[in-house]
Amino acid sequence: GFFIVPERLVEPVLAARSVLQRFPPVLEQAVLAEFIGEGHMEQHMRRMRELYTARLQALVEAVKRDIPDVVELAPVRSGLQIVGWLAKGIDDVEACHTALEQLGIYSAPLSKFIIDRPLPPAMVLFPAATDVRTIGRSVEQLGTFLRQLQTRNTAATA
């Protein structure tokens with residue numbers, strides 16, 4: 001791995017590294033330095049940014065089109081994840097756990113990241129690792145599943 005840090009953090013990072021790693025991997029550092037120096041890192045980052053943006057956009061469009069009744073996405077312009085606020089009657093922990101078990105859709109319940117401020121239930125979704133076609137199919141499956149969960153939970157509380 002490597003770090004890109006502001007100038008003011010170079011010394012503290014070097015000090016921490018000296019404690020954690022006594023013998024730096026010289027060959028790997030030289031290869032990485034050449035990779036960055038020849039512009040390959042910048043090219044790779046640009047390609048990945050375009051790819052991740054397309055995947056995020058596919059998720060946003062699919063959710064708005066197919067499941068706006070059970071998921072409302074938080075506004076986002078870029079990134080590797082997005083928060084999907086769940087409709088009333090859907091528990092985020094149960095939704096995420098069961099979506100993984102039954103559909104193979106990995107997500108994280110937002111409630112697991114909250115310390116003291118309660119928020120409505122939400123799923124943290126990770127479109128970056130999934131191709132665009134799979135995102136569309138997965139959103140449809142997720143919608144069907146979430147509607148069933150909502151109906152079951154609403155009936156249980158009535």
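Ile4 is found in the segment before helix H1, which covers residues 10-20. Helices here are DSSP runs of H or I with at least four residues, strands being runs of E with at least two, and both are numbered from the N terminus. The model is a predicted one, in which local features need pLDDT of at least 70 and side-chain atom pairs count only at pLDDT 80 or more, while totals for chains, interfaces and linings use all residues. Residues are numbered from 1 along each chain as its sequence is written, and side-chain values use heavy atoms, with hydrogens and water left out.

With a relative accessibility of 74%, Ile4 counts as exposed. The classes are defined as follows: buried is under 20% relative accessible area, exposed is over 50%, and partly exposed lies in between (1.4 Å probe, protein chains only). Together with Phe2, Phe35 and Ile36, Ile4 forms a nonpolar patch on the surface, and the four have about 400 Å² of accessible area together. A patch is made of residues with over 30% relative accessible area and no salt bridge; like charges are joined within 9 Å, and nonpolar side chains (Val, Leu, Ile, Met, Phe, Trp, Tyr) within 5 Å. Accessible areas come from the Shrake-Rupley method with a 1.4 Å probe, and for residues only the protein chains shown count as cover.

Phe2 also has a computed distance to Gln29: the two are 27 residues apart in sequence and 8.5 Å apart in space, C-alpha to C-alpha. Gln29 belongs to helix H2 and is partly exposed, because its relative accessible area is 41%.

Helix H2 comprises the 12 residues 26-37, which at 1.5 Å a residue should span 16 Å; its end C-alpha atoms are 16 Å apart, so the two values agree. The expected span is taken as 1.5 Å times one less than the number of residues in the helix. H2 is followed by Gly39, whose phi is positive, near 85°.

**Helix H3**

Helix H3 contains Met41, which is buried because its relative accessible area is 17%. The C-alpha atoms of Met41 and Ala15 are separated by 26 Å, and the two residues are 26 residues apart along the chain. Val60 also lies in H3 and counts as buried at 15% relative accessibility. Between Val60 and Glu72, 12 residues apart along the chain, the C-alpha separation is 9.3 Å.

**Salt bridges**

Side chains of opposite charge can pair when their charged atoms come close. A salt bridge is defined as a side-chain nitrogen of Lys or Arg within 4 Å of a carboxyl oxygen of Asp or Glu, and by this rule the count comes to 4.

| Pair | N to O distance |
|---|---|
| Arg46 and Glu42 | 3.7 Å |
| Asp66 and Arg65 | 3.1 Å |
| Glu94 and Arg152 | 2.3 Å |

Glu94 counts as partly exposed at 24% relative accessibility, and Arg152 counts as partly exposed at 46%.

Arg46 and Glu42, by contrast, both lie in helix H3, 4 residues apart, about one turn of the helix. An α-helix has 3.6 residues a turn, so residues three or four places apart point the same way. Arg46 is partly exposed at 41% relative accessibility, whereas Glu42 is exposed with a relative accessible area of 55%.

In the remaining listed pair, Asp66 is partly exposed, with a relative accessible area of 23%, and Arg65 counts as exposed at 54%.

About 240 Å³ of space lies in the second largest pocket. On a 1 Å grid over the protein atoms alone, a pocket is an open set of points with protein on both sides within 12 Å along at least five of seven lines, whereas a cavity is a set where a 1.4 Å probe fits but cannot get out; lining residues have an atom within 4 Å of a point. Of the 15 lining residues of this pocket, Ile105, Tyr106, Phe126, Thr130 and Ser138 lie nearest its centre. Helix H3 (40-66) and helix H5 (132-157) each supply at least two residues of the lining, and H5 gives the largest share, 5 residues.

Thr134 lies in H5 and is partly exposed, its relative accessible area being 23%. The C-alpha atoms of Thr134 and Ala30 are separated by 38 Å, the two being 104 residues apart along the chain.

Methods:
Grid points are joined across faces, edges and corners, and a volume is the space filled by probe spheres set on the points.
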